[in-house]
Amino acid sequence: MTVHAYGAHAGDKPLEPMTIQRRAPGAHDVQIDIAFCGVCHSDLHQVRAEWAGTRFPCVPGHEIVGRVSAVGAHVSTLEPGDLVGVGCIVDSCQHCADCDAGLENYCDGMVGTYNFPTPDAPGWTLGGYSERIVVHERYVLRISHPEEQLAAVAPLLCAGITTWSPLRHWQAGPGKKVGIVGIGGLGHMGIKLAHALGAQVVAFTTSEGKREAALALGADEVVVSRNAEEMAGHAGSFDLIVNTVAAPHDLNPFLALLKRDGTLTLVGAPASPHTPPEVFKLIFKRRSIAGSMIGGIPETQEMLDFCAEHGIVADIELIRAEQVNDAFERMLKGEVKYRFVIDSATLSA
């Protein structure tokens, strides 16, 4: 089927209207009419070929929400009219240890929502800056938020799960002190989720001007990381610090804030390496540096259900499709609180 989309034909070209082909639903497929799609920083990097391997035309978007409009003959858990979401994964091998554990995000055969090989035309996946998508039922998530919150739910499919996964894995909750580094698209979700889990939450920012905003999001305290005195006041006290910053920087000041057996988890992906850690900062307190990448399908569903129960959504600015190039530029300048979301109804307007 032919659908309207927004994408780019080259890394140095702006996104523009185009038409793309979607497959007809197979026996285990779900067809989704997309209502909204979040704009992720990784969309910008991939579509501008700043990350290796971009295939063109490239249609980005992996924070997808909408309604089921058709299902395959063997689909029994979803039906037309259901509110659903699709995140960063649309396929995996389905039989490795990672898939068996519900951690499809770590499967070597994981297929991302855009720019990954697929038998469908044109030979790689095309993402959510489009009117419709067809996805295997295994990778479709139920949404139980009220429909009026649907646009603000979209970023949960990436920003939400990216911060939820490390918080759950390292057991953030009552009695734990958790730091969130960066107050942007990822960081603002990390603050909301850590707070809702019952942890003591400290937000780290380089900007004094973000202090009040972080407190409003649920932080118990805000530390300006350039202030050595404020940083020293938290030395050796954190169980977990989730670093959402995608720009390269010195990790050592944050390592010094971890208690014995504390973990600094990196979820932001910088274009060049961070300053290497000082080994003795790790050895002397058995501290760890770890990484975490999105989350598996069961974990993503758990996050969505938790957010619905606690009334958690992203803070967004809704845009029309033709505003996406300007949104990319504003995103680079940090001029959004905290996530852009495309109104898919404007793709064919």
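Predicted model: local features only at pLDDT ≥ 70, side-chain atom pairs only at ≥ 80, totals over all residues.
Strands E11 (residues 200–205) and E12 (residues 221–224) run parallel and are joined by four bridges.

The unit belongs to a protein chain with 11 helices and 17 strands in total. The radius of gyration of this chain is 20 Å, close to the 20 Å that the globule rule gives for 349 residues, so the chain is as compact as a globular protein of that length. Along the principal axes, its C-alpha atoms fill a box of roughly 60 × 40 × 35 Å. Of the 349 residues in the chain, 54% are buried, where buried stands for a relative accessible area under 20%.

The surface also carries nonpolar side chains. Val279, Phe280, Ile283 and Phe284 form a nonpolar patch there, and together these residues have about 480 Å² of accessible area. One of them, Phe280, lies in helix H9, which covers residues 279–283. Is Phe280 buried or exposed? Its relative accessibility is 56%, and the limit for exposed residues is over 50%. Phe280 therefore counts as exposed.

Terms used
Residues numbered from 1 in each chain as written. Heavy atoms only, no water. Patch = residues over 30% accessible without salt bridge, like charges linked within 9 Å, V, L, I, M, F, W, Y side chains within 5 Å. Areas by Shrake-Rupley, 256 points an atom, 1.4 Å probe, with all protein chains shown as cover. Salt bridge = Lys/Arg side-chain N within 4 Å of Asp/Glu carboxyl O. Helix = DSSP H or I, 4+ residues; strand = E, 2+ residues; numbered from the N terminus. Buried < 20%, exposed > 50% of the residue type's maximum accessible area, 1.4 Å probe, protein only. Pairing = 2+ DSSP bridges. Rg over C-alpha atoms; globule rule 2.2 N^0.38 Å.
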